[in-house]
Amino acid sequence: MSFCMRLQLREGEFYVTLDRPVLGQSSRFTRCYGSSWLAKLKLPTDALSKPDVLDKLKSLLTRPLVLNGRVFRFFYLNKNKNSISAYLMATNEWYMGGGGSLRQSSPLNDQGIYCSFLDFFRKHNNLEQNHKQVSCTLFKTNLV
Amino acid sequence: MDARGLPWGVQWEIARLISLKHCEWDDISMSALDVLRTEGLSPPDPDDPDTPTSTPAVLNAQIGPYIEDLLRWNKHTFGSQRRTKEVLSTVRSRFPRPVIHTNICPACPSHLGKNSTRRILPSSGMALQAAWVPHLNSGTFTAARCPFACGCS
């Protein structure tokens with residue numbers, strides 16, 4: 001299953017709307033962590049051309065996205081000719097609400113499904129083992 | 001939602017309705033979540049309906065298409081509505097999809113030109129194979145035992 005969201009810009013503010021879940025393509029990560037681990041956020045194509053909107057987008061994506069208590073964090077950006085999509089991963093954090101604090105162990109993490117943001121990169125793309133790797137699309141677009 | 005065992009697909013559908021302003025968080029009452037939980041439990045095993053499953057789980061496909069009816073219009077239409085093509089394309093079917101098995105009858109001199117392709121379930125196709133392969137190996141295969149009903153005689 002593919003869980004997709006759309007980011008819309010209305011009067012200078014961002015609004016996120018969710019799409020209906022559809023059968024989508026599989027990937028190595030969704031086979032490893034489950035399809036609910038990944039959320040795709042489609043960005044407006046004209047947003048990156050405006051500096052002020054780009055700054056807002058940076059501050060939005062660097063913050064965690066909480067959806068029904070589950071915490072998603074931005075980790076990859078895919079840029080095509082027609083669309084720009086940001087991929088968010090579910091972490092082992094859990095938002096309890098109210099005080100704004102994130103708990104480090106979510107109920108799903110008790111089953112050993114999700115990991116933290118740093119553990120994910122340490123496992124799949126350890127920067128200590130390859131610190132000379134080519135910069136990815138994320139840095140080419142100066143998004144972060 | 002997690003305490004009621006609602007899967008992520010159901011939680012996503014609820015969040016989707018709220019993001020589209022189709023309903024508010026106030027509409028998501030505990031009683032509505034209880035209805036989603038009780039209606040979405042997995043059905044008994046069709047192969048063994050007498051044995052109840054030990055831990056029935058809530059299935060996305062069972063309640064996903066009807067969440068909007070319940071939350072927006074308070075309609076209790078679980079399982080009584082005909083699913084649209086859009087809904088069918090977004091949920092997984094719990095029944096096995098029929099596949100095409102090509103039955104090539106060994107008694108017929110050639111299967112070319114014959115309509116020997118039938119759409120059957122995989123379990124039936126495997127049963128057919130299990131029926132004729134021992135006879136074929138033992139050399140006792142006759143047209144009278146032809147399981148394909150291809151018309152050879």
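**Figure 1. Pairing of strand β1(A) with its two neighbours in the predicted model.** Two strands are taken as paired if DSSP finds at least two bridges between them, and the views described here are of a predicted model. Strand β1 (residues 4–10) of chain A is joined to β3(A) by 3 bridges, the two strands running parallel, and within this pairing Arg6(A) has Lys42(A) of β3(A) as its bridge partner. The pairing of β1(A) with β2(A) is antiparallel and comprises 6 bridges, with Arg10(A) standing opposite Glu13(A) of β2(A). The hairpin formed by β1(A) and β2(A) has 2 residues between the strands, and Glu11(A) in this hairpin takes a positive phi near 55°.

Figure 2. Chain A contains 4 helices and 7 strands, which follow one another along the sequence in the pattern β-β-α-β-α-β-β-β-β-α-α. Of its 144 residues, 21% count as buried. Among the contacts in chain A with a separation of 6 or more, 49% are between residues 24 or more positions apart.

**Figure 3. The loop around Asn68(A).** Asn68(A) lies in the loop between β4 (65–67) and β5 of chain A, and its phi is near 55°, a positive value in a residue other than glycine. Most residues other than glycine have a negative phi. Is Asn68(A) buried or partly exposed? Asn68(A) is partly exposed, because 14 other C-beta atoms lie within 10 Å, a count that falls between the limits of 12 or fewer for exposed residues and 20 or more for buried ones.

Figure 4. Chain B has 6 helices and 2 strands, and 14% of its 153 residues are buried. Helix α1 of chain B, covering residues 8–19, has 12 residues and reaches 16 Å from its first C-alpha to its last, close to the 16 Å expected at 1.5 Å a residue. Buried positions in α1(B) are Trp8(B), Gly9(B), Val10(B), Trp12(B), Glu13(B), Ile14(B) and Ala15(B). Lys21(B) is exposed, because 8 other C-beta atoms lie within 10 Å.

**Figure 5. The largest nonpolar core and the surroundings of Ile67(B).** In soluble globular proteins, nonpolar side chains tend to be buried together. The largest nonpolar core here has 32 residues, of which Ala39(A), Leu41(A), Phe72(A), Ala86(A), Leu88(A), Met89(A) and Ile67(B) touch the most other members. Two or more residues each are given to this core by β3 (38–43), α2 (51–61), β5 (70–79) and β6 (84–95) of chain A, together with α1 and α4 (67–73) of chain B, and the largest share, 6 residues, comes from β6(A). Leaving aside residues up to four places away in sequence, Ile67(B) touches Val10(B), Glu13(B), Ile14(B) and Leu36(B).

**Figure 6. The contact between the two chains.** How many residues of chain A are in contact with chain B? The answer is 12 residues of chain A, in contact with 11 residues of chain B. Strand β2 (residues 13–18) of chain A gives the most to the side of chain A that touches chain B, with 3 residues. By class, that side of chain A has 8 nonpolar, 3 polar and 1 charged residues.

Technical notes:
Residues numbered from 1 in each chain as written. Chains lettered and ligands numbered in written order. Predicted model: local features only at pLDDT ≥ 70, side-chain atom pairs only at ≥ 80, totals over all residues. Expected span 1.5 Å × (residues − 1). Contact = placed C-beta atoms within 7 Å. Nonpolar A, V, L, I, M, F, W, Y, C, P; charged D, E, K, R; others polar. Core = buried A, V, L, I, M, F, W, Y, C linked by C-beta atoms within 7 Å.
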